Amino acid sequence: MAEKLVRKKKEHYVDNKVFLEEMKKYRKKVLSAKNRNRRPPPISDYIGECFLKIANHLSYRPNFINYTYKEDMISDGIENCLTYVANFDPEKSNNPFAYFTQIIYYAFIRRIQKEKKQTTIKHRLIMDANYDDVALQPGDDGEFKNQFKKL
């Protein structure tokens, strides 16, 4: 009888249970600060690391991998997580990984749409531009001259 190959369980890059516990602690601090009319406290290093890991790993998906502005996408995702971190309610959901993955995913989509819009604008400007306006320098008479030829 052939031995069965037992695969080692793959470790996930974010431990959802630990992440949930950190979010519960943070939620208590947020509610305490809100009751005292203070600003929300900063997030812990672990929560920040989780945001960074989620954003980086999501950027490796096939639909996001080949963009030249991938760093901007990651930054937008992390920024949106920081904006909405206080909205996560552990009583409603016990999956902060999915919650913040969705936030980052939609931040990526918004960045792609914004960049495509800018690219379209650039292409239109180039197509509408008069070549003579772009190619000629002020004071040129429109004739091209050999710059290296002795006169």
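Start with the largest nonpolar core, which has 25 residues. Phe19, Met23, Phe51, Ile54, Phe100, Ile104 and Phe108 are the members that touch the most others in it. At least two residues of this core come from each of α1 (16-35), α2 (45-58), α3 (70-84) and α4 (96-128). A nonpolar core here is a set of buried Ala, Val, Leu, Ile, Met, Phe, Trp, Tyr and Cys residues joined through side-chain atoms within 4.5 Å. Buried means under 20% relative accessible area, exposed means over 50%, and partly exposed is in between (1.4 Å probe, protein chains only). In soluble globular proteins, nonpolar side chains tend to be buried together.

A quick word on what you're looking at: this is a predicted model, where local features need pLDDT of at least 70, side-chain atom pairs count only at pLDDT 80 or more, and totals for chains, interfaces and linings use all residues. Residues are numbered from 1 along each chain as its sequence is written, and side-chain values use heavy atoms, with hydrogens and water left out.

Now zoom out. The protein chain has five helices and zero strands, so from the N terminus on its elements read α-α-α-α-α. Helices (H or I, at least four residues) and strands (E, at least two) are DSSP runs, numbered from the N terminus. Of the 151 residues in the protein chain, 26% are buried. Take the contacts (heavy atoms within 4.5 Å) with a separation of 6 or more: 69% of them in the protein chain join residues 24 or more positions apart.

Not counting residues up to four places away in sequence, Met23 touches Ile47, Val85, Phe88, Pro90, Pro96 and Phe100.

How do the helices pack? Two packed helices are described by the angle between their axes and the distance between the axes. Axes are lines fitted to C-alpha atoms, for helices over the stretch in contact, and angles run from 0 to 180 degrees between N-to-C directions.

| Helix pair | Angle | Axis distance |
|---|---|---|
| α1 and α2 | roughly 130 degrees | within 10 Å |
| α2 and α4 | about 50 degrees | 10 Å |

α1 and α2 are therefore oblique to each other, and α2 and α4 are oblique too. For the cut-offs, angles under 35 degrees count as roughly parallel, over 145 as roughly antiparallel, 65 to 115 as roughly perpendicular and the rest as oblique.

In the α1 and α2 pair, Val18, Phe19, Glu22, Met23 and Tyr26 of α1 meet Tyr46, Ile47, Cys50, Phe51 and Ile54 of α2. That contact has nine nonpolar residues, no polar ones and one charged. On the α2 and α4 side, Phe51, Ile54, Ala55 and Leu58 of α2 meet Phe97, Phe100, Thr101, Ile104, Tyr105 and Phe108 of α4. This contact has nine nonpolar, one polar and no charged residues. Ala, Val, Leu, Ile, Met, Phe, Trp, Tyr, Cys and Pro count as nonpolar, Asp, Glu, Lys and Arg as charged, and the others, Gly among them, as polar.

Finally, two residues to look up. Asn80 lies in helix α3 and counts as buried, at 15% relative accessibility. Leaving aside neighbours within four places in sequence, Asn80 is in contact with Ile103, Ala107 and Arg110. Tyr60 sits in the loop between α2 and α3 and is exposed, with a relative accessible area of 52%. With the neighbours within four places left out again, Tyr60 is in contact with Ile65 and Lys70. Tyr60 and Lys70 are ten residues apart along the chain, and their C-alpha atoms are separated by 9.5 Å.
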